[in-house]
Amino acid sequence: MRHPSSRDAERVRSVLVVDDSGYTRARIRDQLSSLGFRVVEADDGDSAIAAFVKHRPLVIVIDHVMRGLSGIDASRALLTRDPGARIILLTAVNDDGLRQQAISAGVLEVLSKSDVGRLSSVVSELMDESFNG
């Protein structure tokens, strides 16, 4: 029987938050940390990929519009590394075309930044799915 390593234990409730706005990252970090999630941060798509490889979080919350890779392009790159990655895309624009593009890329949920209050419940649901399914 394999015993969980400390790395596995850290991964259990870990979330990668990717946004080029330090204010937004801090707001999301505080929200998720208060619920017991371990939060890792990145400020662009390239650093998100590096943080994902290093920390292997169970859920990724990523902004759509950032310098460098867009949230959708970074999501595609993350999904090539781990097809089971659970990604939530945050966007300031409520656009059905963007939503469809994100879902087609493999993103599981698209949330408006104005609806970030729902983020905790969506992250919790995705965490539960990772253990139950």
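**Strands and helices of a predicted model**

User: What pattern does the protein follow along the sequence?
Analyst: The protein has six helices and five strands. These are DSSP runs numbered from the N terminus, with helices being H or I of at least four residues and strands E of at least two. Read along the sequence, the pattern is α-β-α-β-α-β-α-β-α-β-α.

User: Why is strand β4 described as largely enclosed by the rest of the structure?
Analyst: Buried stands for under 20% relative accessible area, exposed for over 50% and partly exposed for in between, with a 1.4 Å probe and protein chains only. In a regular strand, side chains alternate between the two faces of the sheet. Arg86, Ile88 and Leu90 point one way from β4, Ile87, Leu89 and Thr91 the other way, and all are buried. Strand β4 (residues 86–91) is therefore largely enclosed, its buried residues numbering six of six.

User: Which residue in β5 is the bridge partner of Thr91?
Analyst: β4 and strand β5 (residues 109–112) run parallel and are joined by four bridges. In β5, the partner of Thr91 is Ser112.

User: Which hand does the crossover from β4 through helix α5 to β5 have?
Analyst: A crossover counts as right-handed if, with the strands pointing away from the viewer, the path from the first strand over the helix to the second runs clockwise. β3, helix α4 (residues 71–81) and β4 make a right-handed β-α-β unit. The chain then crosses from β4 through helix α5 (residues 96–105) to β5, and this crossover is right-handed.

User: Within what arc do the buried residues of α2 fall?
Analyst: In α2, Thr24, Arg25, Ile28, Gln31 and Leu32 are buried. The arc is taken from the directions from the helix axis to the C-beta atoms. Seen down that axis, the buried residues line one face of the helix, because they fall within an arc of 130°.

Conventions. Residues numbered from 1 in each chain as written. Predicted model: local features only at pLDDT ≥ 70, side-chain atom pairs only at ≥ 80, totals over all residues. Heavy atoms only, no water. Pairing = 2+ DSSP bridges.
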